[in-house]
Amino acid sequence: MNIHEYQAKELFDQYGVPSPKGKVASSPEEASAAAEEFAGSKLVIKAQVHAGGRGKGHFKNGFQGGVHLIESPAQAAEYAGKMLNETLVTVQTGEAGRLVRKVMVAEAVDIEHEYYLAILMDRATSRPVIVASTEGGMSIEDVAHDTPEKIMRQFVHPLLGLQGYEIRKIAAGLGLSGDIAKQFAKLLKNLYSLFIKCDCSMLEINPLVTTPDGRVLALDAKFGFDDNALFRHPDIVAMRDTEEEDPREVAASEFDLNYIGLDGSIACLVNGAGLAMATMDIIKHYGGEPANFLDVGGGASKEQVTAAFKIILGDPNVKGILINIFGGIMDCNVIAEGVVAAAKETGLPLPLVVRLEGNNVDAGKATLAASGLNIEAATTMADGAEKIVAAVSA
Ligand code: ADP
Ligand code: MG
């Protein structure tokens, strides 16, 4: 799960990570009122979407940039008008872009230097890792590619926690000293505690800045939370903005389905993550493109299968469906009943190839046969993939 920058700021405030004051707005009037509140200081207005690269992005209406310096409440309203309900395209959104529904008006700070600071979970070492660089700002991806030596990594022992000497090492690596280094140390300590207490999977500040008047501030924030730990954080779940998520994935999460939307035309419904991956591979092997990853799990109910099937049918890119079930714990007949129920409700406008094997397979096949639905049966995975690719290309 992700959150917006203005929400990240609330967490920063709670945990003592300094950032400029800001206020969210959903209309030009609200933006102007927010700007009034910070009267006297310079201001920025920033589009709020779950994607980075806003500064260098462009709107489909031709307006350049999702981050702007402004000077007055009137200007806040003017810029909010150009950004709200418009689509912002950045390197991270893809061509489709994101509809901007909110903007944040914040105090602008003078920047002396822009740094990069992130905390991530590192799978290879099973430890949190702090990533820092003096080359912060807008394109850390280029830094990682062209000058990887400018990116520091500090692994943290998960039980011992972040140690003072590790913080000092990072501060020194960034060339910080004196009071700035002290402020940085406090910020990083608080940031690490936020990362652990909120069960984050990633936390990125780009840029972290120093100012000419000697402050260290987080100017941007990107959060990712571990979905498996969200039950411990109702306050964070309350920040979820489903409008920012793939509607197919929102529907899937309501039914506890492991679904990831993709760009292809062949939908697959599979039990087990490994088999789902293999099914996507074999679709590609035969020249097709998967429309999704979908693992209905071992103990899926008929309702879940019905929901899964409806999500697939609701995707306009889908031209055919491959069901590949290897029933171990999963009862093949539950799958069959779910498919029949969903197809009866929605109709079955697309070719459907089904490969069933394992637990209660005969009952499953009988249910499908008795349904009168136009289903092509497959004997093996390869056979199923070939048949659905052929049906879609026909
Ligand atoms: P993104 O990463 O999506 O482009 P940022 O929040 O990092 O958006 O903003 C882009 C750039 O705008 C930053 O690198 C920084 O130079 C500038 N900026 C952002 N917020 C402020 C602020 N409060 N005061 C001054 N400059 C800012
Ligand atoms: Mg940024």
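In this predicted model, a polar side-chain atom of D220 lies 3.0 Å from an oxygen atom of ligand 1. The protein wraps much of that ligand: it covers 89% of the 540 Å² of accessible area that ligand 1 has on its own.

A backbone N or O atom of G55 lies 2.8 Å from an oxygen atom of ligand 1. For V109, a backbone N or O atom lies 3.0 Å from a nitrogen atom of the ligand.

Now step back to the domains. The domain assignment of the protein chain gives domain 1 (21-107), domain 2 (113-237) and domain 3 (246-393). Domain 3 is the remaining part of the assignment. The C-alpha centres of domain 1 and domain 3 lie 42 Å apart.

Return to D220, for this residue also meets a metal. The magnesium ion (ligand 2) is coordinated by N206 (O) and D220 (OD), at 2.1 to 2.2 Å. The two partners come from distant parts of the chain, 14 residues apart. N206 sits in strand 11, while D220 is in the loop between strand 12 (216-218) and strand 13 (222-225). Is N206 buried or exposed? Its relative accessibility is 12%, under the 20% cut-off, so N206 counts as buried.

N206 has another feature to notice. The peptide bond from N206 to P207 is cis, with omega near 15 degrees. P207 lies in strand 11.

Most residues other than glycine have a negative phi. N85 has a phi near 60 degrees, which is positive. This residue is in the loop between helix 3 (73-83) and strand 5 (87-89). At 59% relative accessibility, over the 50% cut-off, N85 counts as exposed. N360 also has a positive phi, near 60 degrees. Find N360 in the loop between strand 18 (352-358) and helix 12 (361-370). N360 is partly exposed, with a relative accessible area of 36%.

What lies 2.6 Å from a polar atom of the T279 side chain? The backbone oxygen of L275 does.

Finally, take in the whole chain. The protein has 394 residues, and 49% of them count as buried. There are 13 helices and 19 strands. Taken along the principal axes, the C-alpha atoms fill a box of roughly 75 × 50 × 40 Å.

Methods
Residues numbered from 1 in each chain as written. Chains lettered and ligands numbered in written order. Predicted model: local features only at pLDDT ≥ 70, side-chain atom pairs only at ≥ 80, totals over all residues. Heavy atoms only, no water. Polar contact = N/O pair within 3.5 Å; in protein donor to acceptor, adjacent residues only side chain to side chain. Areas by Shrake-Rupley, 256 points an atom, 1.4 Å probe, with all protein chains shown as cover. Donors = N, O, S within 2.8 Å, 3.2 Å for Na, K, Ca; no water. Helix = DSSP H or I, 4+ residues; strand = E, 2+ residues; numbered from the N terminus. Buried < 20%, exposed > 50% of the residue type's maximum accessible area, 1.4 Å probe, protein only. Domains from an automatic or database assignment.
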